[in-house]
Amino acid sequence: RDGHGCIPSAGYSWCPELKACVRPWEAACPSLAEASEVSLGGDRDDHGCVPSAGYAWCPELEACVRPWEAACPSLVLLRPPRGGGRR
């Protein structure tokens with residue numbers, strides 16, 4: 001997680017206008033739209049994965065994957081608790 005609690009490896013970035021973590025392709029955020037025009041794909045990690053597009057390195061598959069699209073034992077996809085988190 002980053003300083004705002006966003007999960008870059010799942011494609012989330014902080015949107016100051018919305019005061020929320022968003023995926024730029026799912027929510028309109030002016031500051032993220034401007035940034036993506038300037039540095040689209042410019043955030044590659046040491047393995048060549050693009051975190052802003054949701055990609056993370058999976059050592060078991062030796063590939064960049066999106067955790068919600070490929071099963072990778074070392075990448076955990078966070079899901080909301082069943083029942084809305086209430087007991």
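A disulfide is a pair of cysteine sulfur atoms within 2.5 Å. By this rule, the count in this chain comes to 4 disulfides. The model is predicted. Its chain has 87 residues, and 22% of them are buried. The secondary structure comes to 1 helix and 4 strands.

**Overall layout**

- Read along the sequence, the elements follow the pattern β-β-α-β-β.
- The chain exposes about 6300 Å² of surface. Carbon and sulfur atoms supply 53% of that area.
- Take the contacts between residues at least 6 apart in sequence: 20% of these join residues at least 24 apart.
- The count of aromatic pairs comes to 0.

- Count the bonded cysteines along the chain, and the disulfides follow the pattern 1-3, 2-4, 5-7, 6-8.

**The Cys6 and Cys21 disulfide**

- Cys6 is joined to Cys21, with an S to S distance of 2.1 Å.
- This pair links distant parts of the chain, 15 residues apart. Cys6 sits in the segment before β1, which covers 13-15. Cys21 belongs to strand β2, residues 20-22.
- The link of Cys6 and Cys21 is left-handed, with -90° about the S-S bond.
- Is Cys6 buried or exposed? Cys6 has 1% relative accessibility, so Cys6 counts as buried. The cut-off for buried is under 20%.
- Cys21 has a relative accessible area of 28%, so Cys21 is partly exposed. Partly exposed lies between the buried limit of under 20% and the exposed limit of over 50%.

**The Cys49 and Cys64 disulfide**

- Cys49 is joined to Cys64, with an S to S distance of 2.1 Å.
- This pair also links distant parts of the chain, 15 residues apart. Cys49 is in the loop between α1 (30-39) and β3 (56-58). Cys64 is in strand β4, residues 63-65.
- Why is the disulfide of Cys49 and Cys64 left-handed? The torsion about its S-S bond is about -90°, so the disulfide is left-handed.
- Cys49 counts as buried because its relative accessibility is 1%.
- Cys64 is partly exposed because its relative accessible area is 28%.

**The Cys58 and Cys72 disulfide**

- Cys58 and Cys72 form a disulfide, and their sulfur atoms are 2.0 Å apart.
- This pair links distant parts of the chain, 14 residues apart. Cys58 lies in strand β3, and Cys72 lies in the segment after β4.
- The torsion about the S-S bond of Cys58 and Cys72 is about 95°, so this disulfide is right-handed.
- Cys58 counts as buried because its relative accessibility is 0%.
- Cys72 has a relative accessible area of 7%, so Cys72 is buried.

**Arg23 and its surroundings**

- Arg23 is found in the loop between β2 and α1.
- Where does the charged end of Arg23 sit? The charged end sits over the ring of Trp68, 4.7 Å from the ring centre.
- The side chain of Arg23 also reaches the backbone oxygen of Ala10 at 2.9 Å.
- Which residues does Arg23 contact, leaving aside its neighbours within four places in sequence? They are Ala10, Gly11, Tyr12 and Trp68.
- Arg23 counts as buried because its relative accessibility is 13%.

- Most residues other than glycine have a negative phi.
- Lys19 is not a glycine, yet its phi is positive, about 55°.
- Lys19 has its place in the loop between β1 and β2. Its relative accessible area is 66%, so Lys19 is exposed. The cut-off for exposed is over 50%.
- Glu62 is a residue other than glycine with a positive phi, near 50°.
- Glu62 lies in the loop between β3 and β4. Is Glu62 buried or exposed? Glu62 has 63% relative accessibility, so Glu62 counts as exposed.

Technical notes
Residues are numbered from 1 along each chain as its sequence is written. This is a predicted model: local features need pLDDT of at least 70, side-chain atom pairs count only at pLDDT 80 or more; totals for chains, interfaces and linings use all residues. Side-chain values use heavy atoms; hydrogens and water are left out. Helices (H or I, at least four residues) and strands (E, at least two) are DSSP runs, numbered from the N terminus. Buried means under 20% relative accessible area, exposed over 50%, partly exposed in between (1.4 Å probe, protein chains only). Contact means heavy atoms within 4.5 Å. Accessible areas come from the Shrake-Rupley method with a 1.4 Å probe; for residues, only the protein chains shown count as cover. Rings of Phe, Tyr and Trp (its six-membered ring) pair if their centres lie within 6.5 Å; planes under 30 degrees apart count as stacked, over 60 as edge-to-face and the rest as tilted. A charge sits over a ring if NZ of Lys or CZ of Arg is within 6 Å of the ring centre and within 35 degrees of the ring normal. A polar contact is a pair of N or O atoms within 3.5 Å; within protein, one must be able to donate a hydrogen and the other to accept it, and residues adjacent in sequence count only if both atoms are side-chain atoms.
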